[in-house]
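Biologist: I would like to learn how to read a few features of a protein model, one after another. Could we go through them together?

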Amino acid sequence: MATNFYGIYHVIRSFIPIMEKQGYGRIINVSSEYGAMSEMSYPGVGAYKLSKFALNGLTRLVAAEINGDIKINAVDPGWVSTDMGGPSAPRTPEQAAESLLWLATTGPEGPNGEFFRDRKRIDW
């Protein structure tokens, strides 16, 4: 919870006033499909699921509260071949970054308070 929720919460709360003053900003939270409500009834990785579920909730709450051209969304990068994901992971870092880059560069008409993977909306 300290890393996946509270740390992000404090960073967001620190930067929102700066973004509101500028009238612009983009926040992309790195979440996981495990944080979707549909995953809560399956056993395993309970603390991780709860931390990502809380992060997804934070994403929705902040999106409802912010003003100006400020967007906050969550992304599930999938299982990525990195030091953490290991060499067996099927996704490259470039594939994982596609949705992140898309959301970071979205215009004022872009999504806000949503959850994505591969630019596709995921049900919370």
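Modeller: Let us start with a definition: a residue is called buried under 20% relative accessible area, exposed over 50%, and partly exposed in between. Please keep in mind that this is a predicted model.

Biologist: Is Val45 buried, partly exposed or exposed?

Modeller: Val45 has a relative accessible area of 45%, so it counts as partly exposed. This residue belongs to the loop between β1 and α2, and its phi is positive, about 40 degrees, although Val45 is not a glycine.

Biologist: What is the phi of Arg119, and where is this residue placed?

Modeller: Arg119 lies in the loop between β3 and β4, and its phi, near 65 degrees, is again a positive value in a residue other than glycine. With a relative accessibility of 51%, Arg119 counts as exposed, because the cut-off for that word is over 50%.

Biologist: In which order do the strands of the sheet stand?

Modeller: The open sheet has four strands in the order β1-β2-β3-β4, and their pairing is mixed. Because β1 (24-30) and β4 (120-121) each have a single partner strand, they stand at the edges, and one side of each is left without a neighbour in the sheet. β1 pairs with β2 (residues 69-75) in the parallel sense over seven bridges, and Arg26 stands opposite Lys71 in β2.

Biologist: Which helix touches β1, β2 and β3 and makes about 160 degrees with the direction of β2?

Modeller: That is helix α2 (residues 46-65), which packs on the sheet. Helix α3 (residues 93-104) lies across β1, β2 and β3 and runs at about 160 degrees to β1.

Key. Residues are numbered from 1 along each chain as its sequence is written. This is a predicted model: local features need pLDDT of at least 70, side-chain atom pairs count only at pLDDT 80 or more; totals for chains, interfaces and linings use all residues. Side-chain values use heavy atoms; hydrogens and water are left out. Two strands pair if DSSP finds at least two bridges between them. Helices (H or I, at least four residues) and strands (E, at least two) are DSSP runs, numbered from the N terminus. Contact means heavy atoms within 4.5 Å. Axes are lines fitted to C-alpha atoms, for helices over the stretch in contact, and angles run from 0 to 180 degrees between N-to-C directions. Buried means under 20% relative accessible area, exposed over 50%, partly exposed in between (1.4 Å probe, protein chains only).
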